[in-house]
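Let's walk through this one together, beginning at the ligand and moving on to the aromatic rings. Have the viewer open as you read.

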Amino acid sequence: MADDIILGIDLGTTNSACAVWEDDKARIIPNAHGDLLTPSVVAVDDDGSMLVGKAAKQRLVTHPKSTVAYFKRFMGVDHKVQIGRRKQFSATELSAMVLRSLKADAEADLGHPIKHAVISVPAYFNDAQRQATRDAGELAGLTVNRLINEPTAAALAHGLNEEQEQRFIILDLGGGTFDVSILEYYDNVLEVHATAGDSALGGEDFNDNLIRAFLEEIGVDEVSLGMEIRQRLYSRVETVKRQVGKNKSALLSFDIDGKTHEWTIDEKAFIDATSKLLMRIRSPMERALRDAGLDPSAIDDVVLVGGATRMSVFRSMVSKLFGRIPRTDTDPDLTVVMGAALQGALVARNESLEDVVLTDVCSFSMGIASVTDTDPRKMTEVFAPIIERNNVVPVSRVEQFWTVQNDQTAIDVRIYQGESRKPRNNLFLGNLHIPVPKGTAGKESISVRFSYDVNGLLEVEVTVDSTGRTYTKLIENRPGHLNDKEKAASLKRLDGLKVLPRDREEVRALTARAERLYSSMLGAERDQLGRAMDDFER
Ligand code: AMP
């Protein structure tokens with residue numbers, strides 16, 4: 001039985017969480033501190049140990065150079081993050097550390113090893129980002145049975161509580177991503193009609209914009225700020241941002257080089273400082289509605305997911321667009337993980353959920369580069385979609401393409417993902433070199449079949465129509481994707497790291513918190529805390 005358990009994991013930009021399906025419902029597993037959310041933050045301690053979660057987050061302010069957060073933004077990108085003086089990690093490896101920590105919490109809670117997981121990803125994650133998430137799972141010692149789109153997970157958690165049929169839109173604004181999904185629930189079928197989003201837009205961008213507006217207001221150049229001051233300002237802005245939502249206005253007061261600067265942020269100032277982001281939020285909502293062929297009035301319910309949907313400016317904008325107040329009865333931070341646990345139970349074929357059918361859609365169009373004309377002077381390269389975005393998955397489609405030159409001996413099939421007419425503006429996924437018999441232009445043809453599965457993995461099969469010869473390719477070598485050798489090297493590195501034992505995490509988080517408070521205090525208060533810290537460490 002224990003072997004069958006599939007852990008549901010929400011691997012978030014800001015926070016992560018895990019849950020299991022028990023007694024017909026999702027149970028969120030607390031971490032070593034008893035918290036349901038584990039910050040997606042990794043740090044190197046002074047003695048070289050790796051810290052993950054709360055203790056690492058406390059060090060963001062005091063030790064910004066040896067702490068890293070928001071690395072989900074670099075998933076699937078060839079980019080290493082430096083932590084401390086010597087250590088460099090990819091976003092995949094950092095995510096693997098967070099997953100290892102969640103896995104350890106789940107194992108401590110359940111009392112047996114966990115081998116399988118369903119991990120949620122933003123619907124707008126492309127192929128490379130999805131593969132990086134799978135790799136992270138593998139590096140954490142987990143078989144990733146399924147990746148589930150975050151809004152779909154939220155809908156799954158939400159939809160099952162509903163008695164009646166309904167059509168709803170899920171708006172998921174997290175720390176770094178914005179996802180929109182339109183779904184319909186009927187007769188135990190949860191059907192995704194359309195998804196859209198922006199994988200580089202989230203609550204953190206609001207902080208950045210507010211910081212920029214504040215520095216402009218007080219006439220301080222951003223580049224003149226040291227890393228530690230910037231991090232301190234960042235956490236002040238985070239607090240103030242939340243207060244504006246609650247009290248309509250808040251005072252941002254901040255010391256730079258002994259001088260106190262103040263800025264009162266009311267809703268108008270907030271909107272002015274973040275107007276470009278608010279505009280960007282509109283477009284995925286409008287696109288999803290257009291793709292689903294629906295008017296805002298056809299939506300029965302608006303469901304909010306992700307911490308940043310708590311912003312009052314966001315809520316009023318959404319209320320205006322849909323002409324209704326969004327639902328807030330589900331905790332925006334925990335809905336996704338509950339849905340992931342539910343999906344885990346579906347995958348494991350838990351009897352109580354056998355009846356629920358989930359249909360999902362692909363978030364991107366996928367196709368190949370083709371040409372508009374056979375005349376070389378008029379020939380322009382265009383993207384020819386084979387699977388269009390928002391098709392229900394799994395999906396398999398075939399399209400035929402012809403040779404364009406006399407005596408052509410091969411066709412280069414270049415595979416892309418995206419929505420631009422120009423192939424080079426889309427994400428290049430790989431290519432296949434297909435030899436064809438020589439002949440006049442337009443004589444030889446190939447049939448290109450794209451099969452896209454529920455995990456967002458693409459298989460391309462090309463058949464030369466005249467000979468019947470077939471070539472297949474599972475998309476590999478994507479940016480940031482690890483091959484077997486790299487995977488083994490990463491595993492060795494991660495296994496070799498010193499990680500703080502779970503039972504010492506609480507103490508470490510406490511001392512890190514004390515250090516953070518110490519750095520923000522002055523005078524007698526600071527001395528008093530310093531003495532308490534000395535006593536504690538003795
Ligand atoms: P998530 O990735 O879903 O955990 O979302 C985290 C984001 O939500 C961060 O950018 C937070 O700043 C933001 N957030 C959380 N709570 C609030 C709040 N009460 N008001 C505004 N933003 C919030």
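Start at Gly 307, where a backbone N or O atom lies 3.1 Å from an oxygen atom of the ligand; a polar contact here is a pair of N or O atoms within 3.5 Å. Taken alone, the ligand exposes 510 Å², and the protein buries 88% of that (Shrake-Rupley areas, 1.4 Å probe). Glu 204 puts a polar side-chain atom 3.0 Å from a ligand oxygen, and a polar backbone atom of Gly 175 is 3.0 Å from an oxygen of the ligand too.

A word on the model: it is predicted, local features need pLDDT of at least 70, side-chain atom pairs count only at pLDDT 80 or more, and totals for chains, interfaces and linings use all residues. Numbering runs from 1 along each chain as its sequence is written, and side-chain values use heavy atoms, leaving out hydrogens and water.

Now for the rings. The structure holds five aromatic pairs, meaning Phe, Tyr or Trp rings (for Trp, the six-membered one) with centres within 6.5 Å; planes under 30 degrees apart are stacked, over 60 edge-to-face and the rest tilted. Take Tyr 70 and Tyr 234: their centres are 6.1 Å apart and their planes at 50 degrees, so this pair is tilted.

Conventions:
Polar contact = N/O pair within 3.5 Å; in protein donor to acceptor, adjacent residues only side chain to side chain.
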